[in-house]
Amino acid sequence: MEQQILKTILAGATPDRTCVPPDCADWEGELPCCAPLANPYVPFQNENSKRYTIEKGLVRGTLFPGLDLPYLGKVNTEEKGNSGLAELQALAFALNELGLYLDTHADDKEAAELFQSYADLYHEGFVAFQVKNGPIFQLSAVQNGSYLWTHDPWPWDCAANQEE
């Protein structure tokens with residue numbers, strides 16, 4: 001039975017019906033029976049891969065130029081502002097990217113040192129930002145027995161969080 005289903009699928013039909021051109025539409029919200037199989041490709045990263053600055057990496061969606069493959073050639077080049085919150089966002093993104101890289105390149109000492117450096121900067125900036133502007137995350141909204149989350153502008157309220 002399984003071999004018959006596999007033969008049917010490879011022949012371009014679903015197991016329960018034959019695929020004919022009028023059925024080859026995706027308007028029903030399902031993968032059409034005529035959909036071709038894809039062969040995804042992700043470039044392999046070598047150790048000591050080149051890196052964007054953290055600000056550029058944030059808007060490009062990757063810290064590594066070798067993985068920067070813009071869809072249809074559309075490139076986001078507009079960098080975020082120069083606020084403390086934008087710097088924290090860029091550091092958090094860089095930490096996530098470096099963490100993913102280190103998952104497969106655990107012996108890259110330079111990347112590990114950079115990760116630690118960014119982690120230290122992030123922690124320092126996080127604490128300083130919260131002292132000045134209030135909690136960034138709801139998890140840190142209770143201070144001295146008071147719930148402060150609704151008292152200050154929320155971090156995503158850009159106009160209220162403009163630095164002077």
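## Briefing on a predicted helix-and-strand chain

Residues 24 or more positions apart account for 39% of the contacts with a separation of 6 or more in this chain, a contact being heavy atoms within 4.5 Å. This is a predicted model, where local features need pLDDT of at least 70 and side-chain atom pairs count only at pLDDT 80 or more, while totals for chains, interfaces and linings use all residues. Residues are numbered from 1 along each chain as its sequence is written, and side-chain values use heavy atoms, with hydrogens and water left out.

**Overall layout**

- The chain has four helices and two strands; helices (H or I, at least four residues) and strands (E, at least two) are DSSP runs, numbered from the N terminus.
- Of the 164 residues, 28% count as buried. Here buried means under 20% relative accessible area, exposed means over 50%, and partly exposed is in between (1.4 Å probe, protein chains only).

**Helices α3 and α4**

- Two packed helices are described by the angle between their axes and the distance between the axes.
- For α3 (residues 84-104) and α4 (residues 109-133), the angle is about 150° and the axes are 9 Å apart. The axes are lines fitted to C-alpha atoms, for helices over the stretch in contact, and angles run from 0 to 180 degrees between N-to-C directions.
- That angle makes α3 roughly antiparallel to α4. The cut-offs: under 35 degrees is roughly parallel, over 145 roughly antiparallel, 65 to 115 roughly perpendicular, and the rest oblique.
- α3 passes α4 in a left-handed crossing, which is the label when the near helix is turned anticlockwise from the far one by less than a right angle (clockwise would be right-handed).
- On the α3 side, the contact is made by G84, L85, L88, L91, A92, A94, L95, L98, G99, Y101 and L102. α4 brings A111, A112, L114, F115, Y118, A119, L121, Y122, G125, F126 and F129 to the contact.
- By class, that contact has 19 nonpolar, three polar and no charged residues. Ala, Val, Leu, Ile, Met, Phe, Trp, Tyr, Cys and Pro count as nonpolar, Asp, Glu, Lys and Arg as charged, and the others, Gly among them, as polar.
- A119 sits in helix α4 and is partly exposed, at 24% relative accessible area. A119 and L95 are 24 residues apart in sequence, with 6.9 Å between their C-alpha atoms.

**Salt bridges**

- Side chains of opposite charge can pair when their charged atoms come close.
- You get two salt bridges in this structure, each being a side-chain nitrogen of Lys or Arg within 4 Å of a carboxyl oxygen of Asp or Glu.
- One of them pairs E110 with R51, with the closest N and O atoms 3.1 Å apart. E110 lies in α4 and R51 in the loop between α1 (2-10) and α2 (54-60), so this pair ties together parts that are 59 residues apart in sequence.
- E110 is partly exposed at 44% relative accessible area, and R51 is partly exposed too, at 28%.
- D68 pairs with R60, their closest N and O atoms being 2.5 Å apart, and both D68 and R60 are buried.

**Residues to look at**

- G57 belongs to helix α2 and is buried, with a relative accessible area of 0%.
- Leaving aside neighbours within four places in sequence, G57 is in contact with Y52, T62, L63 and F93. F93 is 36 residues from G57 along the chain, and their C-alpha atoms are 8.0 Å apart.
- F137 is in the loop between α4 and β1 (142-143) and is partly exposed, at 42% relative accessible area.
- Not counting residues up to four places away in sequence, F137 touches Y122, F126, Q130 and W149. F137 and W149 are 12 residues apart in sequence and 8.2 Å apart, C-alpha to C-alpha.
- N48 has a positive phi of about 55°, although N48 is not a glycine. N48 lies in the loop between α1 and α2 and counts as partly exposed, at 48% relative accessibility.
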